[in-house]
Structure formats: C-alpha cells, structure tokens
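Hello,

Here is the structure we spoke about, with notes on what turned up in it. Please look it over before reading on.

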Amino acid sequence: MCIAILWLLTMSSAMSLSAAPKVRCESHIYSIVDSDTLRLDHYTSAKCAKGGMRPALIFMFGGGFKGGSRSAEQYGDFFSWLAMEGVDLFSIDYRLGLKGLTQESISSPEDFVAKLGGAVQMAVEDLYRSTAYIVESAKEWGIDPNRVFVAGSSAGAISVLQGEYLRVNRSPLAALLPEGFEY
C-alpha cells in the first residue's frame with residue numbers, strides 16, 4: 001500500500017473555493033483518552049457519495065505539537081477539493097503533548113528531546129485509534145478499507161512518518177491498528 005503522503009501547504013492556495021458548498025462535513029468522536037475527547041471531521045461530496053467504494057485520506061494538522069486544529073481554515077480548500085475529487089477526507093484531533101510547555105519547564109536539551117518523543121508517541125497513538133475507527137466504519141461510509149492513506153502538515157507529517165515507521169517495524173503500539181491493516 002501507500003507509505004505516507006506528505007502534503008505541502010502551497011497546494012491549498014491553488015484550490016478553488018467554489019467546491020466548498022457541495023461538500024458536507026460531519027464530526028464524530030473517535031476516542032476518549034483520559035480526559036481528552038478526540039474528534040474527527042469527515043468531509044465528503046454528495047456528488048461522489050453515490051459511486052462505489054471510495055478512497056480515504058486521514059489528515060493530521062500542524063502546530064508543533066503545541067497548537068493547531070483539525071478544522072483550521074488554511075486546510076479548508078484542500079479538504080473540499082479532495083472531497084469533490086471523490087476522496088473522503090478525515091481531519092483528526094490528536095493530543096498535543098507539548099501544549100503548555102515553557103522554557104522554564106525544560107531542564108536540559110535531553111529533557112526536551114524526551115518530551116518531544118512523548119508528544120510524537122501520543123500523536124501516533126491517536127492516528128492509529130482514528131484509523132481503527134475509520135476502518136471499522138468503512139462499509140457504512142462507502143470507503144474502501146484497502147485504500148486508506150495518511151497525510152499531515154508539519155507536526156502532523158512527523159506523526160504520519162513515525163506512525164508508518166512503527167507499523168512496518170512491528171512496534172507493539174501498532175496493535176492499535178486493525179489486524180492486517182497497511183497504509
């Protein structure tokens with residue numbers, strides 16, 4: 001299958017705003033981890049919903065593991081364009097492991113590396129949980145579970161790449177994915 005798709009933000013400036021009204025977006029809770037309720041936004045086109053099984057793209061936003069949003073305006077044209085092209089788009093929340101981190105809370109460069117590693121690990125866990133949720137709902141949504149791809153921007157791209165690395169190297173964390181699943 002596909003390893004990881006990296007998307008450059010410059011693509012969004014070339015997309016047409018005229019596609020937006022024909023796209024619908026539904027939000028779903030895909031996981032609750034401790035006190036965090038994780039949601040995803042499912043973008044699809046009514047025009048494309050009548051065909052056969054569609055491919056899907058799971059998107060992770062950027063923000064340095066400190067901020068960002070699954071519904072950030074900067075991604076809207078890209079999401080609409082993909083939906084109009086027949087790809088169901090899922091923009092997911094993920095836990096921000098560096099949120100609230102301050103210079104004073106970092107004791108050394110090694111401490112920062114450890115905190116960054118923990119933030120990436122949390123984001124990958126959430127990517128895997130969202131993937132399982134989407135694959136479990138694939139039939140209901142008309143999605144081909146063999147054509148699910150991932151992409152991200154900045155911190156999201158790092159998470160996507162780390163998720164693929166852990167999956168192909170059979171990390172125990174990959175057990176969160178549906179059995180036999182490959183991006």
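**Aromatic residues and the rest**

One aromatic cluster is made up of Y43, F59, Y75, F78 and F79. Across the whole structure the search gives 10 aromatic pairs; rings of Phe, Tyr and Trp (its six-membered ring) pair if their centres lie within 6.5 Å.

This is a predicted model, in which local features need pLDDT of at least 70 and side-chain atom pairs count only at pLDDT 80 or more, while totals for chains, interfaces and linings use all residues. Residues are numbered from 1 along each chain as its sequence is written, and side-chain values use heavy atoms, with hydrogens and water left out.

The protein chain has 4 helices and 6 strands, in the order β-β-β-β-α-β-α-α-β-α from the N terminus. Helices (H or I, at least four residues) and strands (E, at least two) are DSSP runs, numbered from the N terminus.

Of the 183 residues in the protein chain, 50% are buried, meaning under 20% relative accessible area (1.4 Å probe, protein chains only). Among contacts (heavy atoms within 4.5 Å) with a separation of 6 or more in the protein chain, 76% are between residues 24 or more positions apart.

Regards

Key
Phe/Tyr/Trp six-rings, centres within 6.5 Å; stacked < 30°, edge-to-face > 60°.
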